Amino acid sequence: MVWEQLYPTIQFLLAHNATPNIIIIHCGGNNIGQSHNTLRGLQKFYKSTLVNIANLLPTTSIIWSHILPRNNWVNCLANMEGNKCRRRINSACATFVTKHFKGRGASISYPDIRVEHKKLFRKDGVHLSDLGNSIFVNTLRNALDHFISCNFVSQTFP
């Protein structure tokens with residue numbers, strides 16, 4: 001999914017389901033490197049969408065799930081450029097969510113998923129391998145347990 005699909009998808013799901021207590025947003029990596037997207041433009045677009053989601057879901061806790069590293073950023077001239085953009089977006093959005101949605105915002109990073117660990121990725125260099133997916137899901141599970149048990153007092157994981 002690309003970022004432009006996020007808000008309409010949430011609206012559609014809300015029309016058919018109850019309001020969730022928590023929403024984890026893991027989206028945005030596929031927008032990095034597209035010729036019409038600048039780093040500043042993506043940060044602004046992501047933040048404005050996060051505000052719209054928070055307004056749509058005023059009682060829902062919002063968790064920013066960091067965009068994962070890749071060995072192959074399809075739309076970037078260099079993989080280093082894609083990963084640099086990813087890091088800056090993650091920093092900006094994680095800070096925004098934890099400060100702007102105080103008491104109901106948090107972020108999850110994935111320090112165990114790094115491009116140097118080739119076995120965590122499929123041959124395309126974009127998607128996670130089975131091992132990478134296991135680490136990703138385990139981190140998500142542990143983060144949710146952490147945030148729920150501390151009632152979002154702690155806003156970052158790990």
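**Reading the model**

Analyst: Let us begin with Pro158, which is placed in the segment after strand E4 (156-157). Helices (H or I, at least four residues) and strands (E, at least two) are DSSP runs, numbered from the N terminus. Residues are numbered from 1 along each chain as its sequence is written, and side-chain values use heavy atoms, with hydrogens and water left out. The model is predicted: local features need pLDDT of at least 70 and side-chain atom pairs count only at pLDDT 80 or more, while totals for chains, interfaces and linings use all residues.

User: Which residue is joined to Pro158 by a cis peptide bond?

Analyst: Most residues other than glycine have a negative phi, and most peptide bonds are trans. In this model, Phe157 and Pro158 are joined by a cis peptide bond, with omega about -5°. Pro111 belongs to the loop between strand E3 (105-108) and helix H4 (130-149).

User: Which residues have a positive phi although they are not glycine?

Analyst: Asn151 has a positive phi of about 55°, and Phe152 has one of about 65°. Asn151 is in the loop between H4 and E4, and Phe152 lies in that loop as well. Their accessibility can be read in turn. Asn151 counts as exposed because its relative accessibility is 61%. Phe152 is buried because its relative accessible area is 8%.

User: How many salt bridges does the count come to?

Analyst: Side chains of opposite charge can pair when their charged atoms come close. The rule for a salt bridge is a side-chain nitrogen of Lys or Arg within 4 Å of a carboxyl oxygen of Asp or Glu. By this rule the count here comes to two. Arg114 and Glu116 form one of them, at 3.0 Å from N to O. Arg122 and Asp130 form another, at 3.5 Å from N to O.

User: How accessible are Arg114, Glu116, Asp130 and Arg122?

Analyst: Arg114 is at 39% and so counts as partly exposed, whereas Glu116 is exposed, with a relative accessible area of 53%. In the other pair, Asp130 counts as exposed because it reaches 57%, and Arg122 is partly exposed because it stands at 42%.

User: Which residues gather in a patch of positive charge on the surface?

Analyst: A patch is made of residues with over 30% relative accessible area and no salt bridge, with like charges joined within 9 Å and nonpolar side chains (Val, Leu, Ile, Met, Phe, Trp, Tyr) within 5 Å. Lys and Arg count as positive. Here the positive patch gathers Arg40, Lys84, Arg87 and Arg88. Helix H3 (residues 79-100) gives the most to the patch, with three residues. Arg87 has its place in helix H3, and at 46% relative accessibility it therefore counts as partly exposed. Arg88 also lies in helix H3, and it is partly exposed because its relative accessible area is 45%.

User: Which residues have the most contacts inside the largest nonpolar core?

Analyst: A nonpolar core is a set of buried Ala, Val, Leu, Ile, Met, Phe, Trp, Tyr and Cys residues joined through side-chain atoms within 4.5 Å. The largest one in this model has 25 residues, and Ile25, Leu50, Trp64 and Ile89 have the most contacts inside it. At least two residues of this core come from each of helix H1 (6-16), strand E1 (22-25), helix H2 (39-56), strand E2 (61-65) and H3. H3 gives the most to this core, with six residues.

User: Where is Phe147 placed, and is it buried or exposed?

Analyst: Phe147 is in helix H4, and it is buried because its relative accessible area is 0%. Phe147 and Ser107 are 40 residues apart in sequence, and their C-alpha atoms are 9.7 Å apart in space.

Key:
Areas by Shrake-Rupley, 256 points an atom, 1.4 Å probe, with all protein chains shown as cover. Charge placed at Lys NZ, Arg CZ, Asp CG, Glu CD. Buried < 20%, exposed > 50% of the residue type's maximum accessible area, 1.4 Å probe, protein only.
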